[in-house]
Amino acid sequence: MPDTGYAWFQMQGQLLFSGLRPYLNKLVILDDYEEAIGSAELFICEPKEDTYLPFVKYYLLSESTLRQNKWILSGSNYPRLGVQDFLNLLIVIPEKEEEQEKITEQIEVEEQKSKQLLHKMNEERSDSRKLFEVTLSY
């Protein structure tokens, strides 16, 4: 494969986290994909024993991680995390994997509720626009 500046990933069970503009929360777990192509700006994480990778995903997407990153990014146009800064991120992980799974399930339930509310709001916005257009056509 020619050198294009991109990296090729084929390991399921890896978490890829973007060090470039990390506040944009670009993150993926390769369990959902057989293979992926990404930039060299990605940090590759493999889970340790007794670590539930989706929990780590949500932690990396959390406000806690954003607060840690805020003051250590380098570069003004394209702020990025350095490798050592990424490795030094503090992640609080419950000791038991079952606890991590339970927390992750709760987050996913709340995310689903949020998506449903957003969908309903978008439908209502569309309905109100249609009503407005009908009213103007009289």
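How many aromatic pairs does a search of the whole structure find? The search returns 3 aromatic pairs, where rings of Phe, Tyr and Trp (its six-membered ring) pair if their centres lie within 6.5 Å, and planes under 30 degrees apart count as stacked, over 60 as edge-to-face and the rest as tilted. The structure is a predicted model, in which local features need pLDDT of at least 70 and side-chain atom pairs count only at pLDDT 80 or more, while totals for chains, interfaces and linings use all residues. Residues are numbered from 1 along each chain as its sequence is written, and side-chain values use heavy atoms, with hydrogens and water left out.

The pair F17 and F86 is stacked, because the ring centres are 5.5 Å apart and the planes meet at 20°. This pair links distant parts of the chain, with F17 in strand 2 (residues 15-18) and F86 in helix 3 (residues 83-87), 69 residues apart. Helices (H or I, at least four residues) and strands (E, at least two) are DSSP runs, numbered from the N terminus. F17 is buried, at a relative accessible area of 0%, and F86 also counts as buried, at 11% relative accessibility. Buried means under 20% relative accessible area, exposed over 50%, and partly exposed in between (1.4 Å probe, protein chains only). The pair F55 and Y59 is tilted, because its ring centres are 6.4 Å apart and its planes lie at 35°. F55 and Y59 both belong to helix 1 (residues 53-60) and are 4 residues apart, about one turn of the helix; both residues are buried. Ring pairs also join F17, F43 and F86 into a cluster.

Strand 2 pairs in the antiparallel sense with strand 3 (residues 27-29) over 3 bridges, and in the antiparallel sense with strand 5 (residues 42-45) over 4 bridges. Two strands pair if DSSP finds at least two bridges between them. L16 stands opposite V28 in strand 3, whereas the bridge partner of L15 is C45 in strand 5. From strand 2, L15 and F17 point one way and L16 and S18 the other way, and all are buried.

The loop between strand 2 and strand 3 contains R21 and N25. Neither is a glycine, yet R21 has a positive phi of about 50° and N25 has a positive phi of about 55°. R21 counts as partly exposed at 27% relative accessibility, as does N25 at 29%.

The largest nonpolar core has 12 residues: L15, F17, L27, I29, F43, C45, L53, V56, L60, L81, F86 and L89. Such a core is a set of buried Ala, Val, Leu, Ile, Met, Phe, Trp, Tyr and Cys residues joined through side-chain atoms within 4.5 Å. At least two residues of this core come from each of strand 2, strand 3, strand 5 and helix 1, and helix 1 supplies the largest share, 3 residues. In soluble globular proteins, nonpolar side chains tend to be buried together. L15 is in contact (heavy atoms within 4.5 Å) with L27, V28, I29, F43, I44, C45, L53, V56, K57 and L60, not counting residues up to four places away in sequence.
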